[in-house]
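Trainee: Before we look at anything together, could you take me through the terms slowly and show how each one is applied?

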Amino acid sequence: MNNGHPGKLRLFIQAAFFALTNSYIEGFAGGKIYKGPLKKLCVPGLNCYSCPGARFSCPIGSLQAVLDSGQYRMSLYVLGMMSVFGILLGRVVCGFLCPFGLVQDLLYRIPVFRKKQAPGKWAKRKNLLGHRLLLKLKYLVLLFFVIVLPMTVTSFAGMGDPWFCKYICPSGTLAAGLPLLLTNESLRGAAGILFGWKALVLFAIILLSVAFYRPFCKYLCPLGAFYGFFNRAAFYRLEVNEEKCIRCGKCQAVCGMDIRTFETPNSMECIRCGACLSACPTDAISSSLSELMKGIGKKTAGGDTVCTKSSDLRS
């Protein structure tokens with residue numbers, strides 16, 4: 001059982017996407033932020049605008065930048081991009097394309113905080129106490145810290161703050177705050193209580209990620225909450241063949257998000273890591289993508305058969 005550990009292919013895709021979207025090497029070297037034309041585009045995952053290596057923008061940060069500007073009430077451009085990602089992929093973004101998801105996956109692989117399951121077998125806990133209640137917290141973060149507070153709590157000039165980015169986001173602290181402070185002496189002198197708070201949040205998330213599987217994704221990430229609404233209708237979905245399924249529970253056993261896939265294959269919490277597909281002993285679980293490929297394969301095979309028969313007639 002992999003208990004949520006990323007497979008080699010998934011790990012490669014995560015790392016490659018991280019490298020692609022954070023490829024501005026000059027930024028890391030000089031403590032500068034890329035401000036070229038690519039910054040007008042959002043990546044699917046949580047990747048801070050201010051990360052020295054980031055060539056693109058974060059969708060949550062971009063959305064808040066509009067909501068707290070005092071000039072606009074909503075950004076159809078940003079919401080449109082997020083919706084396209086959601087319709088096509090759902091939370092595949094979380095499982096394959098989010099840099100901070102990769103960080104949590106790697107932290108969970110550190111062999112500490114394990115408990116003994118059987119002689120010679122050790123595993124980590126997946127969830128925090130109060131898991132089911134905590135799952136709802138990220139939807140409150142999306143509603144209040146990303147949308148309501150930036151729009152309603154404003155200064156005398158009519159401008160608000162990006163509440164999630166400013167007070168919570170550990171990805172921004174790790175990928176942007178720390179590298180900029182390390183490479184920019186003037187910023188180190190300006191770091192105060194707020195940065196201390198953000199560093200504390202980051203430290204807590206890192207520690208929890210070593211002991212539990214993706215706690216930020218499960219309980220706090222507003223982007224994952226948004227994409228979760230699309231899981232049941234996205235192009236990429238999971239399907240369970242009820243005739244093949246023996247309800248053995250192996251899908252849930254290997255699922256880092258602790259989902260009973262045989263009951264809710266398209267749960268809003270599913271990050272589409274694919275562990276259940278590999279673990280199912282009866283091949284009862286399939287994806288819409290694999291079914292599409294099978295259909296194309298059958299059509300291709302059928303076309304070949306027709307061509308063969310036609311050539312036989314001609315001969």
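Mentor: Let us begin with the salt bridge, which is defined as a side-chain nitrogen of Lys or Arg within 4 Å of a carboxyl oxygen of Asp or Glu. By that rule, a search of the whole structure finds 8 salt bridges. Please keep in mind that this is a predicted model, where local features need pLDDT of at least 70 and side-chain atom pairs count only at pLDDT 80 or more, while totals for chains, interfaces and linings use all residues. Residues are numbered from 1 along each chain as its sequence is written, and side-chain values use heavy atoms, with hydrogens and water left out.

Trainee: What makes Arg91 and Glu269 a salt bridge?

Mentor: The closest N and O atoms of Arg91 and Glu269 are 3.8 Å apart, and the definition asks for within 4 Å, so the pair counts. This pair links distant parts of the chain, 178 residues apart, with Arg91 in the loop between H4 and helix H5 (92-97) and Glu269 in the loop between helix H15 (250-254) and helix H16 (275-279). Helices here are DSSP runs of H or I with at least four residues, strands are E runs of at least two, and both are numbered from the N terminus. Glu269 also meets the side chain of Lys138 in a salt bridge, at 2.7 Å from N to O.

Trainee: What makes helix H3 mostly covered?

Mentor: In helix H3 (residues 59-67), 7 of the 9 residues are buried, including Ile60, Leu63 and Val66. The buried residues of H3 pack against H4, helix H8 (137-152), helix H9 (163-167) and helix H14 (222-228), where a contact means heavy atoms within 4.5 Å.

Trainee: Why is Leu88 called partly exposed?

Mentor: Leu88, which lies in helix H4, has 47% relative accessibility and so counts as partly exposed. Together with Val84, Phe235, Leu289, Leu292, Met293 and Ile296, Leu88 forms a nonpolar patch on the surface, with about 640 Å² of accessible area together.

Trainee: How do you know which residues may join a patch?

Mentor: Patch residues have over 30% relative accessible area and no salt bridge, with like charges joined within 9 Å and nonpolar side chains (Val, Leu, Ile, Met, Phe, Trp, Tyr) within 5 Å. Helix H4 (76-89) and helix H17 (288-314) each supply at least two residues of the nonpolar patch, and H17 gives the most, with 4 residues.

Notes: Areas by Shrake-Rupley, 256 points an atom, 1.4 Å probe, with all protein chains shown as cover. Buried < 20%, exposed > 50% of the residue type's maximum accessible area, 1.4 Å probe, protein only.
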